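Me: I am new to this structure. Please take one part and describe it closely, in plain terms.

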Amino acid sequence: MGNSHSTTTVGHQPRHLALPHKRTLVSNITLGCASPSSANSSIISDNHTFVSEKQLLSEKSSCDHLPLYAHPPLSDFTHDEAAHAYSAFLKTYPEYQSTWIIDSLRRSDFSRLDRGGETYVDYMGGSLYPESLIRVHSAFLNTNVLGNTHSVSPSSHLSSTCANEARAAVLSFFRAPPGYTVIFTPNATGALKLVGESYPFTENSTYVLGADSHNSVHGIRQFALQKGAQVQYIESTQHGGFHVPTAKAILARHKPRTRDVSPSLFAMTGQSNISNSKNPLSLIKYASSLGYHTLLDAAALAPTSVISLEETPVDAMAISFYKMFGYPTGVGALVIKQSLLAKLKRPWFAGGTVDVVQVPGNLVTMAHELHERFEDGTINYLTLPAITDGLRFLSAYLPFLPLRLSCLVDHLTTSLSKLRHERAGTPVVRILSRLPSRRLRSVGEQSDTGSVVSLIFLSPSGTMIPNSFIEHAASQRHISLRTGCMCNPGGAAAILGIQEDMARLYPGVTLKDFEEVVGRELGVVRISLGLASTFQDVWRVIQFASAMASDETRQAMWGDWMSTKAGQAI
């Protein structure tokens, strides 16, 4: 038989749940000392109190010393050169002062970065968790008892209540109109796989996707090919993404006859994790008008961009919460229209997805609730309350992020582009990712790119310096960045200009084989900014890159790297 679920109405009310009333607005004080954003304020209502108001007011006092100024004081800088650079930065980017609230957030929730001297610029790999979110969640776990949702006990009922609140919070955050539901998954990859393995591809179907996509989007082609469907790629530009007219032409050329006879899927990457390109969400409406089902990979887009499912009614969207607000890891979601969900057919069933299973035999009755049919086993019920709070937290700061990151990315790329080797006078770096077409000037504007800078470092002669050396040298300076192809081979090939080499790959080829053909390490150095990024972070990255311009400094770092490699070999 299947499992019972506590989502149904129980015959009695739990008597000792420590969730007696709604959470008050003062609870926002514990989440970064900020008031909620009106953009997503509906998330705040209809939730339970996690900690007492007295405790919340006590935590507020720890934030009261923060002055309401437009930028951090120069005392925040431990270096006169940094303070001078910051003053010059503010003269060039006065609009940056409108985002002062994130400087306060950096002190209240991410002070561990500055205490440890860490420069974190890998937000595309994973956002950093705010300390207040951990405190609130810990307080909730310490106060309450949660049980497996596949029961009707009081502890199970509480877990189911929290899960339902988390689903509602996700729908509210993304402004989903009626007709959507939420399936919790391990991550965005898990969400994409759910669609791929369950989509009703046939021999008359087509799967259309952009070359500049994550491997989790490329991987869906395996399910399509297994069922005899065609796979059509939209070629990437040299800076990633794709030309909209080209995309429209491919979609029109392979449009389905009907959704029933030739169900076809268009998967679009909202923002590339390597090229920094954003694809226009308006293309989703165009594809839908042609009869495609639409799937949006929003893993890289959601952390710093406003997404409204009212304005862009995509059929399904994949997200990862750790990329949005750092905690918890191991939880993502598929936000999906129930109309599409009803058409998806799982290739198997599992605990939690069924109502009745005949054993021995072949009869299976799936769970009544559609979303339950797609949540294998037991959902991560202990962490789902943190999703509700994390979305409420992010909603307070999301309006300020595009403007702040626009200033920082523009300053970073402008400064890096000016760097020259001290003797040869040649460029120190080559920026490969797409740059914004314009600077933002006010809070509320949205950028046409992300906050990713992908580049390679160059020697005085103009050859590429190995990424592995850059990563080692950055680590020595406590800079957390990332190198490689970022699980995006199409985007990497485009911005590195190696599409022809990619076309010559053969079965069984390894990365080492590929690098020997190309003649260098593959991949880029990726610097990605996010929720807690400040001028100090960017300044330290620029200082690190500037050190590469000095022959003496660079050679010293190279010698240290070679010694480390030799020690590892021994």
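Reply: Asn276 counts as buried because its relative accessibility is 0% (buried means under 20% relative accessible area, exposed over 50%, partly exposed in between, with a 1.4 Å probe and protein chains only). This is a predicted model, in which local features need pLDDT of at least 70 and side-chain atom pairs count only at pLDDT 80 or more, while totals for chains, interfaces and linings use all residues. Residues are numbered from 1 along each chain as its sequence is written, and side-chain values use heavy atoms, leaving out hydrogens and water.

Asn276 sits in the loop between strand 5 and helix 11 (helices, H or I with at least four residues, and strands, E with at least two, are DSSP runs numbered from the N terminus). The phi of Asn276 is positive, near 75°, in a residue other than glycine.

Helix 11 spans residues 282-289, and Leu283, Ile284 and Ala287 are buried in it. These residues lie on the same side of helix 11 because they cover an arc of only 105° around the axis (the arc is that of the directions from the helix axis to the C-beta atoms). Ser282 and Ser289, on the other side of helix 11, are exposed.

What do the buried residues of helix 11 pack against? Their partners are helix 10 (244-253), strand 5 (265-269) and strand 6 (293-297), where contact means heavy atoms within 4.5 Å. Following helix 11 is Gly291, with a positive phi near 105°.
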